[in-house]
Amino acid sequence: MGAVVAALVVGALFVAIPRLQPSTGTLLVIGAGRSATSLPTTTIELHGSAGWTALGQVSGEVPAAPAQRELLALPVAVGAYDGVRLGAEEASLPVVVTAGQVEPILLGIDSGKLIAGAAYAGNDQVNLGLGELSGRFVPMPAFNLKDQHGNAFDSQTTAGKDLVIAAFHTTCHETCPLYTALFFQLQKQLPPGVLLAEVTTDPATDTPAALGEYGRLVGAGWTFATGSPDALAAFWKPFGVELASGDSHVSTLALVDRHGYVRLVYRGVPDVGNDIQPAMVTTLSVLQSLLTITGPEQVTKNPGGQAPSFTLQSTEGRRVSLADLKGQPLVINFWASYCPPCRAEMPMLQRRVGASSGVRLVLVNEGDTAQRARDFLSATGIQQAALLDSDLKVGRAYGVLPLPTTVFVRADGTIAGRQIGELDERVLASWLSTLTTQ
């Protein structure tokens with residue numbers, strides 16, 4: 001009888017032991033660079049509730065994205081983690097390990113170090129990261145400014161945050177207050193990890209102290225930034241904004257994703273009218289764009305409705321109307337020369353749409369002069385004329401706020417959907433298939 005009891009106890013222990021062991025998933029760490037690079041012997045660590053845990057040491061060659069190299073693959077306890085460290089460089093990174101599943105992490109590496117902001121977790125973010133590192137998106141140049149408290153506002157301190165940036169200065173009394181009203185609406189409903197910042201175009205007037213006083217007067221809870229004339233000129237150069245004072249500056253708002261890439265550019269004045277409430281129209285559009293860049297790439301579908309008619313002059317001097325294009329599916333791309341993502345996506349658009357039988361690419365320039373549009377097309381290698389929407393009326397008719405925006409039109413003239421922001425090649429391929437099979 002004693003032997004039977006002992007056998008039962010031992011059997012129970014064998015059954016219980018696996019249950020007492022923590023459940024694990026597999027963490028797959030891969031590396032890629034903007035160009036081929038190498039990694040000296042370096043420790044990779046993961047941060048969780050118990051602090052930093054070493055995952056292992058890695059070294060060797062790292063390929064240029066979209067190629068990648070597996071650095072580590074190991075079991076990790078199920079749970080939520082919030083940071084990764086490569087040697088001395090660390091990055092905030094939400095990582096969720098699920099039992100029995102593989103969770104990929106991509107580390108962007110340059111000269112043996114982690115690129116600021118270039119840490120991605122999850123399949124969608126890893127795919128996004130490979131696209132960003134391979135040059136599919138336009139990186140925001142490194143910048144070095146100060147906020148209203150005199151603290152650093154630069155590429156390092158903003159890494160890991162999605163940025164909404166507006167051009168302004170404290171002596172502007174026409175358009176800048178409208179952006180301030182828009183920011184008041186945005187701060188009430190921002191997704192996590194988004195930073196609002198108004199960056200001055202008037203460094204002579206807008207010192208950190210002046211910005212701090214301005215923020216207190218208007219009751220703003222977001223960042224105001226300034227710097228030397230050279231630093232601010234370099235900051236605004238990618239967006240075509242020049243330093244200015246008074247009410248003469250170019251009204252611009254841009255979205256930069258948490259990895260440091262320019263995703264959308266707005267030009268013009270937010271439509272807030274005399275009452276703050278109408279700003280919700282613009283606010284919701286910005287928030288929709290934020291959700292696009294803070295999560296997996298999405299297409300905003302807006303089926304139904306006839307594409308608004310238009311007649312515009314082309315960069316070649318011809319007048320072209322929508323009626324001239326009837327009977328064939330259209331990909332209408334709205335762009336401008338000051339928009340970095342527009343420059344990045346246009347060659348792919350011409351290549352893929354041009355190879356798709358029966359679909360026509362229509363390029364609509366928003367607000368540039370004919371010469372500037374021609375110069376842009378020539379510099380980008382685009383062998384196609386663009387239509388000039390000089391007064392932006394056609395863009396407004398199509399609901400275009402950020403650039404780039406692409407509208408997909410069926411052969412019967414109805415709108416199939418639209419994409420806000422730079423197009424992913426796979427998303428475009430899906431839309432071309434949809435347009436040619438309807």
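Biologist: Are Arg-263 and Asp-257 buried or exposed?

Modeller: Buried means under 20% relative accessible area, exposed over 50%, and partly exposed in between, with a 1.4 Å probe and protein chains only. Both Arg-263 and Asp-257 are buried. Their side chains meet in a salt bridge at 3.1 Å, N to O. This is a predicted model, in which local features need pLDDT of at least 70 and side-chain atom pairs count only at pLDDT 80 or more, while totals for chains, interfaces and linings use all residues. Residues are numbered from 1 along each chain as its sequence is written, and side-chain values use heavy atoms, with hydrogens and water left out.

Biologist: How many salt bridges does the structure hold?

Modeller: A salt bridge is a side-chain nitrogen of Lys or Arg within 4 Å of a carboxyl oxygen of Asp or Glu. The structure holds eight of them. One joins the side chains of Asp-162 and Arg-258 at 3.0 Å, N to O. That pair links distant parts of the chain, 96 residues apart: Asp-162 is in strand 12 (residues 162–168), and Arg-258 is in the loop between strand 15 (252–256) and strand 16 (261–267). Helices (H or I, at least four residues) and strands (E, at least two) are DSSP runs, numbered from the N terminus. Asp-162 counts as buried because its relative accessibility is 0%.

Biologist: What does the charged end of Arg-85 sit over?

Modeller: A charge sits over a ring if NZ of Lys or CZ of Arg is within 6 Å of the ring centre and within 35 degrees of the ring normal. Here the charged end of Arg-85 sits over the ring of Trp-52, 4.0 Å from its centre.

Biologist: How many aromatic pairs are found in the whole structure?

Modeller: Rings of Phe, Tyr and Trp (its six-membered ring) pair if their centres lie within 6.5 Å; planes under 30 degrees apart count as stacked, over 60 as edge-to-face and the rest as tilted. The search finds 14 aromatic pairs. Trp-335 and Phe-376 are stacked, because their ring centres are 4.7 Å apart and their planes are at 25°. Since Trp-335 lies in strand 19 (residues 330–335) and Phe-376 in helix 8 (residues 370–380), the pair ties together parts that are 41 residues apart in sequence. Both Trp-335 and Phe-376 are buried.

Biologist: Which residues have the most contacts inside the largest nonpolar core?

Modeller: In soluble globular proteins, nonpolar side chains tend to be buried together. A nonpolar core is a set of buried Ala, Val, Leu, Ile, Met, Phe, Trp, Tyr and Cys residues joined through side-chain atoms within 4.5 Å. The largest has 66 residues, and those with the most contacts inside it are Val-199, Val-331, Ile-332, Phe-334, Trp-335 and Tyr-398. A second, separate core of 25 residues includes Leu-27, Leu-46, Ile-105 and Ile-109.
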